[in-house]
Amino acid sequence: MINKLVPSLAEAVNGVKDGSVIMISGFGEAGSPIELIHALIDQGAKDLTIVSNNTGSGHVGIASLIEHRRVRKMICSFPRTTNSVVFPELYSQGEIELELVPQGTLAERIRAGGAGIPAFYTPTSVGTPLEEGKETRVFDGQTYLMEHGIKADFSLVKCEAADRYGNLVYNKTARNFGPIMCTAAETTIVQARGMVELGELDPEAVVTPGIFVQRIVEINHPLDESKLVSENWRYPWN
Amino acid sequence: MELDKNKAGWSKEQMAQNVALDIPDGSYVNLGIGMPELVAGFVPEGREVIYHTENGLLGMGPEPEEGKEDPELINAGKKYVTAIQGACYFHHADSFTMIRGRHIDVCVLGAYEVSERGDLANWSTGKPGAVPAVGGAMDLVAGVRNIFVITKHITKQGKPKIVQNCQLPLTGKGVVKRIYTNLAILEVTQEGLVVNKMAPGLGFDELQEHTDAPLTMASSSKKSR
C-alpha cells in the first residue's frame, strides 16, 4: 500500500544531511512551510544551501534557520524585506553567501532541474551586472544567457490539501514556488493543511501529481508568520 | 530658471492617469510596486484591463476591506489584495512564462534612472555593502512588450533622472518604450527621446534644462496646448 503520510514533523525531516541543498516554498509568508522549517532546526542539519525566494522575516522560519547558522549559502531573488533582519546582518559581516538570481530565472532554473534539463538560455539580465561570468549565445539576433537548472536533495513545501498518494492542491498565491520545487528534489516533503481521501481531489484540478511527493505531514493549523514576527517571537520558543 | 523641483507639473495621480489612458482595452498588465500601483485607479470607463502579479495571480483586484485580509492572497509587493471574478492562480514558472514568453502587454515600473536609449536602472542604488535584491524586475523588462516608466523627472536632490547614460547598475538595456514624469511624456526612439506631451505651463527649454539627455519635440506637440 502507498501511504506517504508520516506521523510527525520529526519523521518528515528525518535524514537531512549536513551540506544538503534544500528548496523551501513560499513568497514571503505565503506558502512558507514554517512548521517543517522549525522541525529542520530541531533536526540539526547544517552547512545547508537554501533555495527560496526570500530570506525570512523576524526570528522565525527561514530567518531562524539562518540565525542558528545552519545555512552556508542562500540562492534567492529578494533577500531583504521589511522585516528581514537576520540575513542582512550576517551578509554584511561576510558570514553567509548569496547567489542573487532574478525571480523568473530562479523559477525556470527550478523547473528545468525538475524536468531533467541541465541548462537553458534566457534574455533576462543580459547587459546587467548579473550576466557576469555567464555564457552568452545569439539566437535570431538577440543575445541570451545560459542558466543552469537547479536540483535539490530535499524540498520543503506547504500545500492546502493532499491525499495519501501525494496529489496536492494549493491555496491562492501561496502556490508560488511549491509545484516546481516538488519536481526538483530527490525527496519532497510536504506539509498539508488537510489530508483527504483518494478520489476527493478532482483529477482535473490536481496541481502537483503525487509522483513528485515522497513524504507528507498534516498540519491543520499552521502558524501565522506575520503575527509571530509582529509579536517578536523567536524559534525555538523563548 | 526656478522650478519647484518635484511639486511642478502633474501630480502623482495625473501621472498615473496619463499612463492609464495609454493602456488599450483588453490589455494584460503588470504594475510595479509604489507609484505604478496608482495606475489601476484611472482605467477609463469602458476599458477592461487584467492585472498580473508575478507571484501567481491573473485578475488581481483592489485591496481587501478591513478584516478581510488573507495572508495567502498577496501581490508581488507582499501587500494584501483581492482576486476578481474570473481570476486564476498559477505557479511561478507559469507566471514567468507569461512574462518572458511575451504574453503580458504592458508593464509599468518605477525608475532610479532611464537613459535616452531606454536603458533602465531601478533595482540597485549601487551602494557598497547594501544587500542586493532584484526580484522580478529583470525578467519583466526582458519579456514584456511595452515597458512604461513612471517617475519624478528629477531626484529629491534635484538631479535629472532622465540621462544620457545610466550611472547605476542596469535592470535592462534598451528596454523602456515610454517615460511618464511629472513634467512630460517622453517616447524612446531610435533618434533619442521625443517629447509627446508637456505638463501645462512648462516650456521646452525649461524641460530640457532638467533633463540630462537631449530632447526633441514630436511634430504634433509643437503647438502649445
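Axes here are lines fitted to C-alpha atoms, for helices over the stretch in contact, and angles run from 0 to 180 degrees between N-to-C directions. The model discussed is predicted.

Q: At about what angle does helix 5 of chain A run to strand 5 of chain A?
A: Helix 5 of chain A comprises residues 103–115 and lies across strand 5 and strand 7 of chain A. Relative to strand 5 of chain A, helix 5 of chain A runs at about 150 degrees.

Q: Which strands are the edge strands of the open sheet of chain A?
A: The open sheet has three strands in the order 5-7-6, with antiparallel pairing. An edge strand pairs on one side only, and this applies to residues 119–122 and 136–139 of chain A. The edge strands are therefore strand 5 and strand 6 of chain A.

Q: Which residue is the bridge partner of Tyr121(A) in strand 7 of chain A?
A: Strand 5 of chain A is joined by four bridges to strand 7, residues 142–148, and the two run antiparallel. In strand 7 of chain A, Tyr121(A) has as its bridge partner Met146(A).

Q: Which helix of chain B supplies the largest share of the side that touches chain A?
A: In the contact between the chains, 32 residues of chain B meet 40 residues of chain A. Helix 2 (92–100) and helix 3 (137–143) of chain B each supply at least two residues of the side that touches chain A. The largest share, five residues, comes from helix 2 of chain B.

Q: How many nonpolar residues has the side of chain B that touches chain A?
A: By class, this side of chain B has nine polar and seven charged residues. Its nonpolar residues number 16.

Technical notes
Residues are numbered from 1 along each chain as its sequence is written. Chains are lettered from A and ligands numbered from 1 in the order in which they are written. This is a predicted model: local features need pLDDT of at least 70, side-chain atom pairs count only at pLDDT 80 or more; totals for chains, interfaces and linings use all residues. Two residues are in contact if their C-beta atoms, placed from the backbone, lie within 7 Å. Ala, Val, Leu, Ile, Met, Phe, Trp, Tyr, Cys and Pro count as nonpolar, Asp, Glu, Lys and Arg as charged, and the others, Gly among them, as polar.
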